[in-house]
Amino acid sequence: MRQSSLVVVANRLPVDNSVAPDGACEWRRSPGGLVSALHPLLKHTPATWIGWAGGTGPAPALPDVDGVRLHTVPLTPEDFRDHYEGFANATLWPLYHDAVEQPEHHRRWWEAYQRVNRRFAEAAAAVTEPGGVVWVQDYHLQLVPALLRDLRPDLRIGFFLHVPFPPPELFMQLPRRAELLRGILGADLVGFQRAQAAHNFAQLVAKVFGVPATDRQIEVDGRTVRVGAFPVSIDTAEMAALAARPDVVARAERLRNDLGSPENVILSVDRMDYTKGIEHRLKAYSELIASGHVKVRDTVMVQVAVPSRERVGQYQILRDRVEREVGRINGEFGRVGEPAIHYLTQPFDRAELAALYRMADVMAVTPLRDGMNLVAKEYVAARVDDSGTLLLSEFAGAAAELPEAYQVNPHDLEGLKQGLLAALEADPEDAATRMRAMREHLHRYDIRSWVRSYLSTLDETVSAPTG
Ligand code: ADP
Ligand code: G6P
C-alpha cells in the first residue's frame, strides 16, 4: 500500500461520479465548501485524500487527481442511510446549525456513525507514513481522531470542523455527547471557524469531563489538546484571475443581456439547504415587489440552488416549498419573457460561477446559520473592479471577517428588506471602498494562509504526555 506523509480524511472525495450528457461516466469536482477549500491546497502537496466517492457500491479505484492520491472508502446502502443521511445530516447538521430544523435521534444511526468512522480511521492508519500528519475534516468523522490515535499513536492528528459548533445547551441534547467529545479529543489540534465555537467546545469539555479547559488548550488523559479558530478561505487569486478572463467577462455580459439588461441583478448561490435562509430571502424579495419598492422590469433576481441530500425529508420539504414560492412569485409578478426570479438548480463549472458573480450587482448571502459561507468570499474575489455589493447574514461565519459587507439579521424580515434596498441603492463610491477592503482581506487571508496557519499550529503541538 502506498503511504503519504500528509493524509486528509473527509467524508467526501474532491471529485464526484456523475454521468455526462452522452451517458459516459465522468468525474467532476464535488460541490460544497469543504472541497472548495481543500482542493487548491492539495494540488501542490503530495498527499492522500481519503473519502467516499458518492455511491453505495464497492469503492472504485480512482486515478490520482492533480497529483493527489485518492483513497476511497465504501458506504453500503445502510451506511448511506444511517450514517450520511441519518446521523450526519439529520442529527448533527441541524443540531450544529442552531437546530433551525429539529434534530432526530435514532440508536441505529449512532451505530452506523461509529461503524463508518472506524472504517475511515482504519483507512487512515493504513495509508499514513510513520510519524505522518492526518487532518480529519468535519462533522461526519468526529470519532476518527480518537480511533486513529488508538491504532497509530505515532501520528500527529488534526481535526477541523467546517460547520458551527453549537452552544453547550444544544450540544447537551445529544444522547451520546460524551463519546462524541472523546472522539474529537483524540486530535492534537481541534480547529473551528470562529472563536465562539472554540469557546463553546472548551466549555463543554470542562463541563462534561471536569478537566482544565481554556479556549486555547485542554488537558485530558495526560495530553494537551490545542484548540483554536482558523477561518477557512478560498483561492482568492484563482477566482480573481478567472473573473478577469476575457471569455468570462464576455459570458457575464451575455448573461446580463439574456436577463433583459436590467438595471440591477441580485444573485444568490446556495446548496439547497434550510440553513441558507432561501425562503426568508424570497419572502423579503416578494414583499419588496408587492410594495413597489422593487420593479420587476428594473431588477432581476437569480437564485441558484443546487439540490443536496435529496432523500432526507427536511431537504425534500424545503425544495418543494422553495419551488412553490418561486412559482407563486413568478406567477404573481412576472410577465411573459420577464420572470421576477430566475431559478436554476444545475451545478456549474468554476468559469460559469465566476461569470455569474461578475454579472451580479448585489450578492445576497443570507443564511440563518453557516460555518463560513465560501460563496460570499468567492463573490468578493470575483469583483476585480471593486463594483458590486455584498449583502451578508450576521450568522454566516464570514460576517466576522467581512464587516464592510451590508450585514443583516435574516430572521428580521423588515431588516432583510431594508438591507436588500440598501445594497441595491448603495452609493457606488462607498460600495467600492467596502469591496476593496474586503478583497484586500481575502487576498491576505486566502486558502494558503489558512492551511499554513493550521498546519504550522499542528506542527507545534506536542503529542508526548504532559505528565
Ligand atoms: P456549503 O459548504 O454549505 O455548501 P459554502 O458557501 O461554504 O456552502 O460552499 C459552497 C461551495 O459550493 C462554493 O465553493 C460554491 O462555489 C460551490 N457551489 C455552490 N453552488 C454551486 C453550483 N450550482 N455549481 C457548482 N458549485 C457550486
Ligand atoms: C458542507 C459540509 C461539507 C459537505 C458539503 C456538501 O460544506 O461542511 O462537509 O461536503 O456541505 O454537502 P454533502 O452532503 O453533499 O457532502
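Modeller: Before we start, a crossing of helices is called left-handed if the near helix is turned anticlockwise from the far one by less than a right angle, and right-handed if clockwise. This is a predicted model, in which local features need pLDDT of at least 70 and side-chain atom pairs count only at pLDDT 80 or more, whereas totals for chains, interfaces and linings use all residues. Residues are numbered from 1 along each chain as its sequence is written, chains are lettered from A and ligands numbered from 1 in the order in which they are written, and side-chain values use heavy atoms, with hydrogens and water left out.

Biologist: OK, which hand does the crossing of α8 and α13 have?

Modeller: The crossing of α8 and α13 is right-handed, where helices (H or I, at least four residues) and strands (E, at least two) are DSSP runs numbered from the N terminus. On the residues involved, Thr236, Met239, Ala240 and Ala243 of α8 make the contact with Glu378, Ala381 and Ala382 of α13, contact meaning heavy atoms within 4.5 Å. By class, this contact of α8 with α13 has 5 nonpolar, 1 polar and 1 charged residues; Ala, Val, Leu, Ile, Met, Phe, Trp, Tyr, Cys and Pro count as nonpolar, Asp, Glu, Lys and Arg as charged, and the others, Gly among them, as polar.

Biologist: At what angle do the axes of α8 and α13 cross?

Modeller: The axes of α8 (residues 236-244) and α13 cross at roughly 55° and come within 8 Å, which makes α8 oblique to α13. Axes here are lines fitted to C-alpha atoms, for helices over the stretch in contact, with angles running from 0 to 180 degrees between N-to-C directions. Angles under 35 degrees count as roughly parallel, over 145 as roughly antiparallel, 65 to 115 as roughly perpendicular and the rest as oblique.

Biologist: And α3 with α4, how far apart are their axes?

Modeller: Helix α3 (residues 107-127) packs on helix α4 (residues 144-151) with the axes 9 Å apart and an angle of about 45°, and the two are therefore oblique to each other. Their crossing is right-handed. From α3, Asn117, Arg118, Phe120, Ala121, Glu122, Ala124 and Ala125 meet Val144, Leu147, Leu148 and Leu151 of α4, and the residues of this contact divide into 8 nonpolar, 1 polar and 2 charged.

Biologist: Changing topic: how many salt bridges does the count come to?

Modeller: The count comes to 37 salt bridges, a salt bridge being a side-chain nitrogen of Lys or Arg within 4 Å of a carboxyl oxygen of Asp or Glu. One of these pairs is Lys276 with Asp370, whose side chains meet at 2.9 Å, N to O. Lys276 lies in the loop between β11 (264-271) and α10 (278-290), and Asp370 in the loop between β14 (362-365) and α13 (374-382), so the pair ties together parts that are 94 residues apart in sequence.

Biologist: Is Lys276 buried or exposed?

Modeller: Lys276 is buried, with a relative accessible area of 10%, and Asp370, at 10% relative accessibility, counts as buried too; buried means under 20% relative accessible area, exposed over 50%, and partly exposed in between (1.4 Å probe, protein chains only).

Biologist: Which residue does Asp386 pair with?

Modeller: Asp386 forms a salt bridge with Arg439, their closest N and O atoms being 2.9 Å apart. Asp386 sits in the loop between α13 and β15 (389-393) and Arg439 in helix α15 (residues 428-444), so this pair ties together parts that are 53 residues apart in sequence. Asp386 counts as buried at 10% relative accessibility, as does Arg439 with a relative accessible area of 16%.

Biologist: What about Glu338, what does it form a salt bridge with?

Modeller: Glu338 pairs with Arg335, with the closest N and O atoms 3.6 Å apart; Glu338 is partly exposed at 23% relative accessibility, whereas Arg335 is exposed at 53%. Separately, Lys283, Glu287, Glu414 and Lys417 are linked in a network of salt bridges.

Biologist: Last one, which residues does Thr48 touch?

Modeller: Not counting residues up to four places away in sequence, Thr48 touches Ser4, Leu6, Val7, Val8, Arg69, His71 and Val127. Thr48 lies in strand β4 (residues 48-52) and is buried, with a relative accessible area of 4%.
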